[in-house]
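Here's a quick briefing to read alongside the model. Have the sequence and the 3D view open, then work through the points below.

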Amino acid sequence: MSVVIDWGAFLNVFLAAMIGAVATVVFYALGLRMLVRAGRVPVVTPAEFTDAITVLSDKEIRRAEKAAAKAARKSPLSEGQKTLAFGAAILFFVLCGAAVLGGILLIVIGF
(Lines give C-alpha, C1' and ligand atoms only; values in the text may rest on other atoms or scores of the structure.)
Protein backbone atom coordinates (compact mmCIF):
# COMPACT_ATOMS: atom_id res chain seq x y z
CA MET A 1 0.00 0.00 0.00
CA SER A 2 1.42 3.36 -0.96
CA VAL A 3 0.33 6.85 -0.05
CA VAL A 4 -0.31 9.20 -2.96
CA ILE A 5 -0.39 12.93 -2.26
CA ASP A 6 -2.34 15.14 -4.63
CA TRP A 7 0.05 18.10 -4.68
CA GLY A 8 -2.28 20.16 -6.86
CA ALA A 9 -5.04 19.97 -4.24
CA PHE A 10 -2.50 20.73 -1.52
CA LEU A 11 -1.39 23.83 -3.43
CA ASN A 12 -5.03 24.94 -3.86
CA VAL A 13 -5.70 24.64 -0.13
CA PHE A 14 -2.45 26.42 0.72
CA LEU A 15 -3.19 29.33 -1.64
CA ALA A 16 -6.78 29.65 -0.41
CA ALA A 17 -5.58 29.73 3.20
CA MET A 18 -2.89 32.32 2.47
CA ILE A 19 -5.21 34.56 0.47
CA GLY A 20 -7.92 34.27 3.12
CA ALA A 21 -5.53 35.04 5.96
CA VAL A 22 -3.99 38.01 4.19
CA ALA A 23 -7.40 39.38 3.17
CA THR A 24 -8.71 39.07 6.73
CA VAL A 25 -5.73 40.83 8.27
CA VAL A 26 -5.66 43.59 5.63
CA PHE A 27 -9.40 44.35 5.87
CA TYR A 28 -9.28 44.34 9.69
CA ALA A 29 -6.23 46.64 9.77
CA LEU A 30 -7.83 49.03 7.27
CA GLY A 31 -11.05 48.99 9.30
CA LEU A 32 -9.17 49.92 12.47
CA ARG A 33 -7.26 52.61 10.61
CA MET A 34 -10.46 54.17 9.29
CA LEU A 35 -12.07 53.90 12.73
CA VAL A 36 -9.20 55.89 14.24
CA ARG A 37 -9.34 58.43 11.40
CA ALA A 38 -13.06 58.85 12.15
CA GLY A 39 -12.13 59.89 15.69
CA ARG A 40 -13.49 56.75 17.34
CA VAL A 41 -10.37 55.29 18.87
CA PRO A 42 -11.23 51.91 20.38
CA VAL A 43 -10.14 51.67 23.99
CA VAL A 44 -10.42 48.13 25.26
CA THR A 45 -9.91 47.47 28.93
CA PRO A 46 -8.04 44.23 29.47
CA ALA A 47 -9.66 41.36 31.29
CA GLU A 48 -8.14 40.55 34.62
CA PHE A 49 -6.70 37.07 34.83
CA THR A 50 -5.09 35.58 37.88
CA ASP A 51 -1.83 34.85 36.05
CA ALA A 52 -1.85 37.82 33.71
CA ILE A 53 1.48 39.21 32.64
CA THR A 54 0.26 42.79 32.77
CA VAL A 55 -2.93 44.13 34.28
CA LEU A 56 -3.68 47.80 33.82
CA SER A 57 -4.73 49.77 36.85
CA ASP A 58 -7.80 51.99 36.83
CA LYS A 59 -5.50 55.03 36.63
CA GLU A 60 -3.78 53.66 33.50
CA ILE A 61 -7.13 52.88 31.89
CA ARG A 62 -8.41 56.41 32.58
CA ARG A 63 -5.18 57.84 31.13
CA ALA A 64 -5.62 55.78 27.94
CA GLU A 65 -9.26 56.88 27.61
CA LYS A 66 -8.23 60.52 28.13
CA ALA A 67 -5.52 60.20 25.46
CA ALA A 68 -8.03 58.66 23.04
CA ALA A 69 -10.52 61.47 23.66
CA LYS A 70 -7.77 64.06 23.14
CA ALA A 71 -6.73 62.40 19.86
CA ALA A 72 -10.34 62.43 18.70
CA ARG A 73 -10.63 66.18 19.43
CA LYS A 74 -7.40 66.95 17.54
CA SER A 75 -8.56 65.29 14.32
CA PRO A 76 -8.03 67.60 11.32
CA LEU A 77 -10.95 66.04 9.47
CA SER A 78 -14.30 67.72 8.98
CA GLU A 79 -17.47 66.04 10.25
CA GLY A 80 -18.28 64.84 6.72
CA GLN A 81 -14.85 63.29 6.35
CA LYS A 82 -15.19 61.63 9.76
CA THR A 83 -18.55 60.18 8.73
CA LEU A 84 -17.06 58.93 5.47
CA ALA A 85 -14.11 57.36 7.34
CA PHE A 86 -16.54 55.67 9.77
CA GLY A 87 -18.55 54.30 6.84
CA ALA A 88 -15.33 52.99 5.27
CA ALA A 89 -14.42 51.35 8.60
CA ILE A 90 -17.74 49.55 8.69
CA LEU A 91 -17.26 48.46 5.07
CA PHE A 92 -13.79 47.06 5.82
CA PHE A 93 -15.09 45.18 8.87
CA VAL A 94 -17.89 43.71 6.76
CA LEU A 95 -15.33 42.67 4.12
CA CYS A 96 -13.24 41.09 6.88
CA GLY A 97 -16.26 39.08 8.02
CA ALA A 98 -17.02 38.14 4.41
CA ALA A 99 -13.45 36.87 3.97
CA VAL A 100 -13.80 34.69 7.07
CA LEU A 101 -17.22 33.45 5.99
CA GLY A 102 -15.91 32.77 2.48
CA GLY A 103 -13.06 30.70 3.92
CA ILE A 104 -15.48 28.70 6.04
CA LEU A 105 -17.72 28.11 3.04
CA LEU A 106 -14.74 26.95 1.00
CA ILE A 107 -13.92 24.42 3.70
CA VAL A 108 -17.50 23.21 4.15
CA ILE A 109 -18.66 23.22 0.52
CA GLY A 110 -15.23 22.44 -0.90
CA PHE A 111 -14.97 24.37 -4.14
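Accessible areas here come from the Shrake-Rupley method with a 1.4 Å probe, and for residues only the protein chains shown count as cover. On that basis the accessible surface of the protein comes to about 8900 Å², with 69% of it belonging to carbon and sulfur atoms. Keep in mind that this is a predicted model: local features need pLDDT of at least 70, side-chain atom pairs count only at pLDDT 80 or more, and totals for chains, interfaces and linings use all residues. Residues are numbered from 1 along each chain as its sequence is written, and side-chain values use heavy atoms, with hydrogens and water left out.

**Overall layout**

- The protein has three helices and zero strands, where helices (H or I, at least four residues) and strands (E, at least two) are DSSP runs numbered from the N terminus.
- Going along the sequence, the pattern reads α-α-α.
- Of the 111 residues, 14% are buried; that label means under 20% relative accessible area, while exposed means over 50% and partly exposed is in between (1.4 Å probe, protein chains only).
- Take the contacts (heavy atoms within 4.5 Å) between residues at least 6 apart in sequence: 75% of them join residues at least 24 apart.

**Helix 1 against helix 3**

- Helix 1 and helix 3 (residues 79–109) pack at about 160°, and their axes are 8 Å apart.
- Those axes are lines fitted to C-alpha atoms, for helices over the stretch in contact, and angles run from 0 to 180 degrees between N-to-C directions.
- Helix 1 and helix 3 are therefore roughly antiparallel; the cut-offs are under 35 degrees for roughly parallel, over 145 for roughly antiparallel, 65 to 115 for roughly perpendicular, and oblique for the rest.
- Residues making the contact include F27, Y28 and L35 of helix 1 and F86, F92 and F93 of helix 3.
- Sorted by class, the contact of helix 1 with helix 3 has 19 nonpolar, two polar and two charged residues.
- For those classes, Ala, Val, Leu, Ile, Met, Phe, Trp, Tyr, Cys and Pro count as nonpolar, Asp, Glu, Lys and Arg as charged, and the others, Gly among them, as polar.

**Two alanines to click on**

- A17 sits in helix 1 (residues 7–37) and counts as partly exposed because its relative accessibility is 46%.
- A71 belongs to helix 2 (residues 58–73) and, at a relative accessible area of 42%, is partly exposed.
- A71 and V36 are 35 residues apart along the chain, and their C-alpha atoms are separated by 8.9 Å.
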